[in-house]
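Please keep the sequence and the structure in view while reading.

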Amino acid sequence: MVEKSEAAFRTIGEVSDEIGVPQHVLRYWETRFPQLKPITRAGNRRYYRPEDVALVRRIHGLLNAQGYTVKGVQKLLSGKGDETPAPASASAGLPLGELKAIRAMLAEALAVA
């Protein structure tokens, strides 16, 4: 297989394989993130520019590595809101110390039972 240059357009299959995200997820992200607009050609074939691929990588990282929700990533990418949305894991509202204390109490209760 011949390697493409960094500036080359990529098909949805190539982006899917490169990022490790199914094609249907990429199509879903296109509906949720207006910034993601690959070029479409005859037969509705999608071609991702290098900046589209970079955006897909960023969205993937925010959703899967950092724990943001789709709505949180939308706010982050649009620049709306006064502050950066917190990852989904931080949205419970409880400090980490309190969560660990609750977990310890539950583990102790299960050990006694």
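This is a predicted model: local features need pLDDT of at least 70, side-chain atom pairs count only at pLDDT 80 or more; totals for chains, interfaces and linings use all residues.

Two residues are in contact here when heavy atoms of theirs lie within 4.5 Å. With that cut-off, and not counting residues up to four places away in sequence, Glu-30 touches Leu-36, Lys-37, Pro-38, Arg-46 and Tyr-48. Glu-30 is found in helix 2, and this residue is buried, with a relative accessible area of 14%, where buried means under 20%.

**Overall arrangement**

The protein has five helices and three strands, and from the N terminus on its elements run β-α-α-β-β-α-α-α. Of its 113 residues, 27% are buried. Among contacts between residues at least 6 apart in sequence, 40% join residues at least 24 apart.

In helix 1, which spans residues 12–19, the buried residues are Ile-12, Gly-13, Val-15, Ser-16 and Ile-19. Viewed down the axis of helix 1, these buried residues fall within an arc of 165 degrees, so they line one face of the helix. Their packing partners are strand 1 (10–11), helix 2 (23–32), strand 3 (45–48) and helix 3. After helix 1 comes Gly-20, whose phi is positive, near 85 degrees.

Helix 2 has Val-25, Leu-26, Trp-29 and Glu-30 as its buried residues. Seen down the axis of helix 2, the buried residues fall within an arc of 150 degrees, so they too line one face of their helix. The face of helix 2 that is turned away from this buried side carries the exposed residues His-24 and Thr-31. The buried residues of helix 2 pack against helix 1, strand 3 and helix 3, and Glu-30, as one of these buried residues, also touches Arg-46 and Tyr-48.

Two packed helices are described by the angle between their axes and the distance between the axes.

| Helix pair | Angle between axes | Distance between axes |
|---|---|---|
| Helix 1 (residues 12–19) and helix 3 (residues 50–65) | roughly 40 degrees | within 11 Å |
| Helix 3 and helix 4 (residues 70–78) | about 135 degrees | 10 Å |

For the pair of helix 1 and helix 3, which cross at roughly 40 degrees, the angle makes helix 1 oblique to helix 3, and the crossing is right-handed. In this pair Val-15, Glu-18 and Ile-19 of helix 1 meet Val-53, Val-56, Arg-57 and His-60 of helix 3. By class, this contact has four nonpolar, one polar and two charged residues. Val-15 and Ile-19 are also among the buried residues of helix 1.

Helix 3 and helix 4 pack at an angle of about 135 degrees and are therefore oblique to each other, and helix 3 passes helix 4 in a right-handed crossing. Here Leu-55, Arg-58, Ile-59, Leu-62 and Leu-63 from helix 3 meet Val-70, Val-73, Leu-76 and Leu-77 from helix 4. Sorted by class, the contact of helix 3 with helix 4 has eight nonpolar residues, no polar ones and one charged residue.

Notes: Residues are numbered from 1 along each chain as its sequence is written. Side-chain values use heavy atoms; hydrogens and water are left out. Axes are lines fitted to C-alpha atoms, for helices over the stretch in contact, and angles run from 0 to 180 degrees between N-to-C directions. Helices (H or I, at least four residues) and strands (E, at least two) are DSSP runs, numbered from the N terminus. Angles under 35 degrees count as roughly parallel, over 145 as roughly antiparallel, 65 to 115 as roughly perpendicular and the rest as oblique. A crossing is left-handed if the near helix is turned anticlockwise from the far one by less than a right angle, and right-handed if clockwise. Ala, Val, Leu, Ile, Met, Phe, Trp, Tyr, Cys and Pro count as nonpolar, Asp, Glu, Lys and Arg as charged, and the others, Gly among them, as polar. Buried means under 20% relative accessible area, exposed over 50%, partly exposed in between (1.4 Å probe, protein chains only). The arc is that of the directions from the helix axis to the C-beta atoms.
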